[in-house]
Amino acid sequence: MQKFKDGFVWGTAASSYQIEGGAKDQGRGDSVWDMFCRQPGLVSDGSDGMTACDHLNRYQEDIDIMSDMGIHAYRLSVAWPRIFPAGTGKINQQGLDYYDRIVDGLLAKGIDPWITLFHWDFPTALYDQGGWLNRDSADWFADYAELITDKFSDRVKNWFTLNEPQCFLGLGHHSAEHAPGLKMTFEKVLQASHHALLAHGKAVQAMRANAKQTLNIGAAPVGLVSYPTSDDPRLIEAARAATFDIKRLDCFSNTWYADPMILGSYPEDGLALFEQFLPEIRTGDMEIINQPLDMYAANIYSGGALKLNDKGEAVADDLIGVGRTTMDWNVTPECLYWGPKFLYERYGLPIVVTENGMANCDWVHTNGQVEDPGRIDYVRRHLLNLRQAANDGVDVAGYFYWSILDNFEWAFGYQQRFGLVHVDFETQKRTPKSSAYWYRDVINSGGDIL
Ligand code: GCO
């Protein structure tokens, strides 16, 4: 089969803090990312999300661009402090109105909004009360999820709870590279992680209870992938094992998050390795975390390669000379074959690639165009692998390119451009890159022209 299946969702994605700007506008409260950016030296170019892509004011232009591209679905996130400026309690009606305009604007153009509830802009007011270390964070988040579902689930069917817990816990609370910029003990990191998992479970319960239609709900973790560089069965087995094992005292695994959510328990190897650091797990917690989900969303950009050495053992392949993006990430398209395949085998849920894309050194050329053949090739290779996975029996439901716009790339500020659309951050002028036109043609062909 050359095309993806009927109903395959062709999308693109962004998140609130990275594009909206207006951090103090329309009643929005402070988030930990505002707090983080105010501290000199933490964001490499000294920038912040105060203006970003000014999507708060320019959303209609951005929706029109997506419409011209024939995008089926747009994955956006809601900024929690835009809805609850203090995290809980008083609701900011202007925030709800803003997302109403976006949801309705998308639907008017035939684009399906897919909502992520939490893409890292945690309310500072709740951080001041302990943030994710406070067990009440699960209820704060569930209350927020309940309100958003109540307001938008009449029109929005597809939802994600937490985006990349590995990053907001690992980078945010362990290595201090992301907001809130903490270097907590591993024990505390695992406690915060447990509360985030509880937040996911309670949110799913609240969402289902308040939904105006049957919802599709998932989480959107990082998809960490090890893949084999040949089809030697020993290597495939080693890659599968490496994709799911826990070998280090950090947050970067699939299973510490996905196993509790989907299988109902923490993975045995993690429990053994983390034995001295385990969180307080109260009776009933695992049942709350383990809510039925409708899809496995995975953010996959790159993978780790394994090869067989002379003794027939699987070892890391350093991929000397392989292509790299400006993030310095290896270009390893096989990750979009093996990642979805392994995740589907283990968790049995339809796979949605909720993020895949690359940063590139794009600029507007003298002819007014932004030519990005490297990005076209990156996406093409990854989609060919994804299509092969689908042909080999993996239930692949959709693909969302990260990102529609060049935007605020967290600790890298505006120096990394992931967009299909170039943004001039001085003028806010949008210029669709050649990849945007190419992606439009791919969508039109159902993936046939890859
Ligand atoms: C995420 C990602 C995005 C990044 C992208 C490129 O968590 O979903 O961090 O927000 O911009 O992955 O790094």
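In the protein chain, 77% of the contacts between residues at least 6 apart in sequence join residues at least 24 apart, a contact being heavy atoms within 4.5 Å. The model is a predicted one, so to speak: local features need pLDDT of at least 70, side-chain atom pairs count only at pLDDT 80 or more, and totals for chains, interfaces and linings use all residues. Residues are numbered from 1 along each chain as its sequence is written, and side-chain values use heavy atoms, with hydrogens and water left out.

Of the 450 residues, 58% count as buried, that is, under 20% relative accessible area with a 1.4 Å probe, protein chains only. The C-alpha trace spans about 65 × 60 × 45 Å along its principal axes.

Now for the rings. Rings of Phe, Tyr and Trp (its six-membered ring) pair if their centres lie within 6.5 Å; planes under 30 degrees apart are stacked, over 60 edge-to-face and the rest tilted. That rule gives 42 aromatic pairs. One of them is Tyr 296 with Tyr 347, stacked at 5.2 Å centre to centre with 15 degrees between the planes. These two sit 51 residues apart, Tyr 296 in strand S7 (residues 296–299) and Tyr 347 in helix H14 (residues 335–347); helices (H or I, at least four residues) and strands (E, at least two) are DSSP runs numbered from the N terminus. Tyr 296 is buried at 3% relative accessible area, and Tyr 347 is buried too, at 6%.

One aromatic cluster includes Trp 33, Trp 120 and Trp 410.

Terms used: Buried means under 20% relative accessible area, exposed over 50%, partly exposed in between (1.4 Å probe, protein chains only).
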